[in-house]
Amino acid sequence: EESTSRGGLVHELLERALGDVADAEDELGRLDAVAGDGDHGQGIVRGLRAAVRAADHAGSDAADPRSIGDALLAAGTALADAAGGASGALYGTLLSQTGAGLREHATVDTAVLAEAVREASRAVAELGGSARGDKTLLDALEPFAEELAECSRAGTELPNALTAAAEVATKAAQDTARLTSARGRASRLGGHDQGTADPGATSLALLLGAVAAGVSD
Ligand code: ADP
Ligand code: MG
Ligand code: MG
């Protein structure tokens, strides 16, 4: 394994996301323990660490969408391998499919990102066999994708669009506390998880907020 460090935009953004998610690692574990097995904090931090390393190794240049796409593809694959679990595969698909949607474009603007995220969100829903309202990370991801599309229609520049969409995702993740999990142990506990947010939606909102802040800086 070669240990080349090329850094670049994707590496920078994922490192920022890792920082915020790692700060919440224990809390994410507690949220997952309500209805799941309590490992979400550990799993997603391990996955993001691997994603950061892969993005650093791949390198990426803000002015070169192909390099951004390739770094996201590498990061998604590494995340899925390292994190394991349901969320590892879903997060990995999100990063990789977003990368695949960006790499053919000459520039990354709000419209291009909105379309890539929409397609990635569909892939995540298909892989998980879940829909909005099931109390999963889709309950943060789909509102995020919709707000990006709305911003694209309104002609909002990318940094502001990402900031607005990340705020929507954060609110939507908090709102998952009102839902009852449709899958896994919680569905058999008869609403036992009402009042606490979904761990996957919570970590995803942290990641999206960090990416928005990084792109706006
Ligand atoms: P595991 O459930 O394998 O222990 P994690 O604890 O890391 O994995 O992740 C749990 C999170 O993954 C949940 O909070 C939810 O957001 C997401 N998740 C789990 N299963 C699905 C699914 N089938 N579809 C969408 N998201 C899911
Ligand atoms: Mg778990
Ligand atoms: Mg698990």
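This is a predicted model: local features need pLDDT of at least 70, side-chain atom pairs count only at pLDDT 80 or more; totals for chains, interfaces and linings use all residues.
Me: Let's begin with the fold. How many helices and strands does the protein have?

Reply: You'd tally the secondary structure elements and then read their order. The protein comes to ten helices and zero strands. Starting from the N terminus, the run is α-α-α-α-α-α-α-α-α-α. As for overall size, the radius of gyration is 16 Å, close to the 17 Å from the globule rule for 217 residues, so the protein is as compact as a globular protein of that length.

Me: And what does the C-alpha trace span along its principal axes?

Reply: About 50 × 45 × 30 Å.

Me: What share of the residues is buried?

Reply: Here you count how many neighbours each residue has, with 20 or more other C-beta atoms within 10 Å making it buried. In this protein, buried residues make up 54% of the 217. You can look at sequence separation too: among contacts between residues at least 6 apart in sequence, 68% join residues at least 24 apart.

Me: Now the ligand. Which residues come nearest to ligand 1?

Reply: List the shell, then pick out its closest members. There are 22 residues around ligand 1, and the nearest are Gly85, Ser87, Gly128, Thr136 and Gly200. Helices H3 (40–58), H5 (85–102) and H10 (199–216) are the elements that each give two or more residues to that shell.

Me: Which element gives the most to the shell?

Reply: That's H5, with four residues.

Me: How does the shell around ligand 1 split by class?

Reply: Sort the residues by side-chain type and you get ten polar, seven nonpolar and five charged.

Terms used: Residues are numbered from 1 along each chain as its sequence is written. Chains are lettered from A and ligands numbered from 1 in the order in which they are written. A residue is near a molecule or strand if its C-beta atom, placed from the backbone, lies within 6 Å of it. Ala, Val, Leu, Ile, Met, Phe, Trp, Tyr, Cys and Pro count as nonpolar, Asp, Glu, Lys and Arg as charged, and the others, Gly among them, as polar. The radius of gyration is taken over C-alpha atoms; the globule rule is 2.2 Å times the number of residues to the power 0.38. A residue is buried if 20 or more other C-beta atoms lie within 10 Å of its own, exposed if 12 or fewer, and partly exposed in between; C-beta atoms are placed from the backbone. Two residues are in contact if their C-beta atoms, placed from the backbone, lie within 7 Å.
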